[in-house]
Amino acid sequence: MPLPSPSAWRTPWSRLRRFLGPTSSKDRTGREPRVESLEERAVPATFTLADGVGAQQEFVRNVSAVVTYEHDVSGDGVAELAWFFDDGLTGGTPMIEPFEYGPAGSKPIVGDWDGDGVETIGAVYSGMDLDGDGVAGLAFFLRNSNTPGAPDIAPFEYGSADWAAMVGDWDGDGIDTIAVVERGVDFSGNGNLTLGWYVRNEIGPGAPDITPFEYGCADGNAVVGDWDGDGRDSIGVVTFNADINRDGLYGLGWQLRNSVSGGVPDIGPFEFGRRSFTEVVGDWNGDGIDGIGGVSTDGTWFLRNTLSTGEAELPTFNYGDGPAIPLVDTVDVVIPSAPDITAIVEDTGISDSDGITNDPTPIVIGVADPGSPVQLLLDETFLAETVADANGDWSIDLGNSPIADGTYTLTAQASPLILDAFPRSAVFPITIDTVAPDAPAINGIADDDGDSGFDGITTDQTLIIFGNTELDTRVEVLLDGVLLGLAQVDEAGTWSFDNTALALEPDDYLLSARAIDLAGNVSAESQPFAVTVVDPTPVPPPPAPPVVPPVVPPSPPVVPPSPPVVPPSPPVVPPSPPTLPTPLIEDYLVDTGFDPGDRVTSDTSGELTGIAEPGATVEIFFDGFSQGTTIADTGGFWTFDSFSILPEGDHIFTAQQSNTLGTSAMSPDFIVKFDTTMPVVESFTRFNPLSEDTTVNTLVFRAAFSETVIGVDPSLFVVTGTTATVVNVVEVIGSDGMIYELTVTGGDLATVDGIVGIDLANISLVLDVAGNPLDLTEPTLDETYDHQFTISIGA
C-alpha cells in the first residue's frame, strides 16, 4: 500500500512500547542501499487458543514495517529517515504515528542495545570519520527508545564506508551487537572472492571478537536469522540470479548456516522469490525458527515459514512501495483469557438465569481480564464492545440496539490488536419474546353439582378450577380479581387449580385467569366464569299462623283491626375483610433424572420457585421447620436457594406468605424425594435353560437391579467364555424397571465346551429415577452355565 500523509495517523505514542517489546530485533541483510531486514532474537513460545478456555498467554510475532530515506515527517524542513510500522503481517494501517530518526542517506537498523528486552531503533551512516583517523567508515547512531531524539549510545565507527552493517545476538546473552560484511575478500588465498564477516560481541568500536571468516559469494547479500530455533543468530547469503530449480526462471537463492563461521551451507541452497525481490527474514508463525520472504518493488510481501523452495505460505499483502525499505520487526502480544458472560438484566420470567426474557434491550454482564477489550456477538454478528474495569467486570447495554424476537446465542470475545485470534466465552443462549400469550380459557369447576353440570351453580364450597391455554405457560387464577394462585400447564395445554384449601361462602363469584409465558409476558384476562355457591343446608318454611275462629258476642262493639306485626330488620353484617391467598410452590430446581417433573432428584442443594402476591414476604418450611424468607418480585415470582445439604428421603416443603393484609394459610405440601445413592446390579441369574449343563445356541439371563433404572442395553454387559454376545435386553413386565432379561446368542455358543457367564462392561449410560449413574461393581450373586458340548445344533 502507498504510504499516506503522516497527518493521517493519530495513534498515541504510548502504543509504541506495547507493540515493540519486550523482545529484540536485528538487521538481517547487507544489500546496499535497498534493505535492512529486522527480526527478533529470543525464541518465542508457541500458543494455542480455544473458545472459552485458557488464561492470559503471551506470544511474540513479527510485523511488517518500512523506512523511507528522505521524508520530512516532523515538518521542520529537514528530511531524515521516516519510520512506519504496520499493525501485523497484513498491510494494514500503521499502528503508531510515523516519526523521524537518522540523517537522510543513512540506513535503518533495530536491536535490543541495552538488554532490557525492548527493541529500539538505530541508523548507520556510510562515510563518516568519527575517530579522527582520516578514514571514513560506518557510523552507528543508536537509541534505547522508539522515539525521535539524540542517540543514547555515543556514536561510534566500525567497518569501512562501503561495507554492510548487520545486527545479531551472536552469543545468546540477550544483547544485540553488530557485525560488518565486506564484499570481495579472499582470506584463504584460493582466488575466489567472497563475503568477509567481522563480528563483535560488544557495542562500540574495536577489533572483531570472532576471527574474521568468509561465507557467501561476493555478489550475494548477507542475511542473519535463527534457522534452527536455538536462540542464537547465525548467518546466510542470498544471491539474485539463481536457477536452482533448473526451470529457466531466475530468483533468490538461499544458502544458510547454523553457526557464525565459514563452511558449507547447513540449509540449502534453495530458491524462493523473484530476483527483483528484496529479501526479508522473520519468525512469521512464532515457532522460534525464522522463515524467509521477498518484497516486490510495488510493496507486495511474499512470506514462507519453511526453509525450502515452494510457494508463499502466508497470505500476500501490500505495505510500502517505491524506494521504501522493507523491514521486519517483532511485537509482544498479550492474549487475554476468554471473557465470560454471567447474566443478562433483566432476565424476566419464571427464572432469572434461563436467558429467556421479554426485554429486547437487555444489559449483558460478565467478567474478563481487567482492562481487556470485550466484543459482544449475537449469532456471530458484532453487536457492541466495551473494556473490562479494574476488577474485571464489564457490561454492555443494548438499549440502542433492540433485538428482534427469536432465539440466539450471545458470545463474548477478547481480541488482541495484532493476532487473528479471538479467545471466546462459552455461548450464552438467549431468547427474546415480547409477545404475550393468548388469554387462557376456564372450562369449568369440579364439582359442578347443579342441574346442568356445567352452569357454575354448585353446593361444593371447595372447588377445583380447570381450563386450557398455550403450551409453555403458567396460569394465574383469580377470584373476583384477587389472585388465588398459579396453575401448571401440562404437555397437552390443559391446567387445573386446586382451591380446596379455601372454602367459599355461599355467594356469587366471578372466576378469571391469565397466562404467563416463560419470558414473563402476561396475557389478557380470560372471559369471566360465573360461579354461584349455594348453601347446601335446606331452609325450612316459616310456620303457618294459628286459625282463630271469630267470636260473635251479642251486640259486639266495633273493634278496629289490630295493626300488622312487622318483624325486626336483620342486623347489617359488614363484608369480610379480604383474605390473603396461600402462596404456591411451583418447582424444585434441578429435578434430575429422566422425568424432570417427578420431583425425584439427586441435587440436594437446589432452589425452590413459586408464586405469591407481588412484594409479599414468603417463608419457606422444610418438614415443618422454617428455612428462611424471600420476597416475591413485581410479577409475583419468588425463588429460594438458601438450603444446606438436604438429607435423602421423601421430604415436605411448604410456604406461607405475609403482607399488610396479614398472613396466609400454609401452601399445599410440595413433596420432593432426594436420592444420591447409585443403583447397583444385585445379581445375574440363569433363566433359560435352567440346567447348568446344556447345549443350545441361545441363553437367557436375568439381571436384577437395586432400584428402577433406565438406559439398560446390550452395551452394559460382557459375555465371558464364548464369542457370543448379548443381542437383546428387555424389561421384565411387572418388575418396575428393576429386572431385565438378557438374550445371549451368536459366535461359538452352540459348540463351546466350558463356562459361559455375564459381567458388567466398564462403561454405562444407566441411570436411576433421580439421575444417579450405575455403580459398575460386579454383583455378589453371579450364576453361569457349564456349557458342555454334546451334539451340534441342527445336526
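Five strands form an open sheet in the order S32-S38-S37-S34-S35, and their pairing is mixed. Strands here are DSSP runs (E, at least two residues) numbered from the N terminus, and two strands pair if DSSP finds at least two bridges between them. Strand S32 (457-458) and strand S35 (482-488) stand at the edges with a single partner strand each, so one side of each has no neighbour in the sheet. Strand S34 (residues 473-479) and strand S37 (residues 507-517) run antiparallel and are joined by seven bridges; Val 477 has Ala 513 of S37 as its bridge partner.

This is a predicted model, in which local features need pLDDT of at least 70 and side-chain atom pairs count only at pLDDT 80 or more, while totals for chains, interfaces and linings use all residues. Residues are numbered from 1 along each chain as its sequence is written, and side-chain values use heavy atoms, with hydrogens and water left out.

Thr 306 lies in the loop between strand S20 (300-304) and strand S21 (317-318). Thr 306 counts as partly exposed because its relative accessibility is 36%, between the limits for buried (under 20%) and exposed (over 50%; 1.4 Å probe, protein chains only). Two separations involve this residue:

| Pair | Type | Distance |
|---|---|---|
| Thr 306 and Ile 292 | C-alpha atoms | 7.6 Å |
| Thr 306 and Glu 313 | side-chain polar contact | 2.9 Å |

A polar contact is a pair of N or O atoms within 3.5 Å; within protein, one must be able to donate a hydrogen and the other to accept it, and residues adjacent in sequence count only if both atoms are side-chain atoms.

Conventions
Helix = DSSP H or I, 4+ residues; strand = E, 2+ residues; numbered from the N terminus.
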